[in-house]
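Reader: I am new to this structure and would like to understand the words used to describe it. Could you take me through them one at a time?

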Amino acid sequence: MAVTQTTQPSRVWRVVLPMVWLLIGCQATQLQSVGPPSRHSVRSDHLLVLSNFKLPPEHELIVDLEQMRDHITSELQLPPQRREVVVYLFSGQLEYTQYLNRTYPGLPQRRAYFVGTPTELAVFTFWGKRIQEDLRHEYTHGVLHASLGHVPLWIDEGLAEYFEVKGNMNSRTVASLNRQLADGWRPDIRALESLTEFSAMQQPHYEEAWAWVHFCMHSSPETREALLAYLADLQSGNVAKPLSDRLAEAVPHFEDRLLVYLSALPKS
């Protein structure tokens, strides 16, 4: 999830505060005075990982983030990062929760957060069973905000959902979307594009955002080019023509084509 002093379903969502981005991941607890981890550090090309336990540079978690950063940049044809992303890795959930409750009181309990401010792009999380999944999601937010001038809420979350899973095929999301299809659900990308409040984004919105990203990236050269051109325009920081308008021009009946595309995805 993201906070902007400038998030995802039950796991990640976003809240806006004056002048900050805040992307949220998942669960927390209580309040005491504790600072962010800082005893050990690993730095790698616009990535800084800070922790209070030693994590070697060749650790699989660090290597995965490095490879993921390069993959995102290459796949989305992003410009070089303009800012560093700092990952604050707490050793346990309690100290993570205490720090966030003190620093950002009132935020929902989540396992991980991306927080973007004018001075820092930061990911906060703790060592747990789903740390790689949470880090991949939140770090995607970091890479996007480090490279682009502006990242609309829905595409920010859609891309984070997409890159969260290695191979980009989220079987849980596909299963949920197919259940919705069976119940007569219809996609509405323009409704997604109208969302500006993080609290308004519910789990079906995250799933549909993932679906549009996956469709654009893999359906046809035309859909992929529409997405990449959209992201290229976001690099300037100016208001970009909505992706829905670009798809309408490039792919006739694009919403019907999304339905066909989703129905053909592997069910497991």
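Reader: Why does E133 count as buried?

Author: Happy to start there, with a reminder that this is a predicted model. E133 has a relative accessibility of 18%, and buried means under 20%, so E133 counts as buried.

Reader: What makes the contact between R130 and E133 a salt bridge?

Author: The N to O distance between their side chains is 2.8 Å. The cut-off is 4 Å between a side-chain nitrogen of Lys or Arg and a carboxyl oxygen of Asp or Glu, so the pair qualifies. As for R130, its relative accessible area is 33%. That value lies between the limits of 20% and 50%, so R130 is called partly exposed.

Reader: How many salt bridges are there in the whole structure?

Author: A search finds 11. One of them joins E84 and R43, whose closest N and O atoms are 2.3 Å apart. This pair links distant parts of the chain, 41 residues apart: E84 sits in the loop between α1 and β5, while R43 belongs to strand β3.

Reader: What makes D64 and R136 a salt bridge, and which parts does the pair tie together?

Author: Their closest N and O atoms are 2.9 Å apart, which is within the 4 Å limit. D64 lies in helix α1 and R136 in helix α3, so the pair ties together parts that are 72 residues apart in sequence. Both D64 and R136 are buried. D64 and R136 are also linked with K166 in a network of salt bridges.

Reader: Now to the strands. How do you know that β4 is mostly covered?

Author: In strand β4, 5 of its 5 residues are buried. In a regular strand the side chains alternate between the two faces of the sheet. Here L47, V49 and S51 on one side are buried, and so are L48 and L50 on the other.

Reader: Which strands pair with β4, and what makes them count as paired?

Author: Pairing needs at least two bridges. β3 and β4 are joined by 4 bridges and run antiparallel, with H40 having S51 as its bridge partner in β4. β4 and β5 are joined by 5 bridges and run parallel; there, L47 stands opposite V85. Both numbers of bridges reach the required two, so both count as pairs.

Reader: What do β3 and β4 form together?

Author: They form a hairpin with 3 residues between the strands, and D45 in the turn has a positive phi of about 45°.

Reader: Finally, the helices. Why are α5 and α7 called roughly perpendicular?

Author: Their axes come within 10 Å and cross at roughly 105°. The range for roughly perpendicular is 65 to 115 degrees, so the name applies to α5 and α7. Among the residues that meet are T173 and L177 in α5, and P204 and W210 in α7.

Reader: What is the angle between α7 and α10?

Author: They pack at about 90°, with their axes 10 Å apart. That makes α7 roughly perpendicular to α10. The contact includes A211 and F215 of α7, and L258 and Y261 of α10.

How values were computed
Residues numbered from 1 in each chain as written. Predicted model: local features only at pLDDT ≥ 70, side-chain atom pairs only at ≥ 80, totals over all residues. Heavy atoms only, no water. Buried < 20%, exposed > 50% of the residue type's maximum accessible area, 1.4 Å probe, protein only. Axes fitted to C-alpha atoms, helices over the stretch in contact; angles between N-to-C directions. Parallel < 35°, antiparallel > 145°, perpendicular 65-115°, else oblique. Contact = heavy atoms within 4.5 Å.
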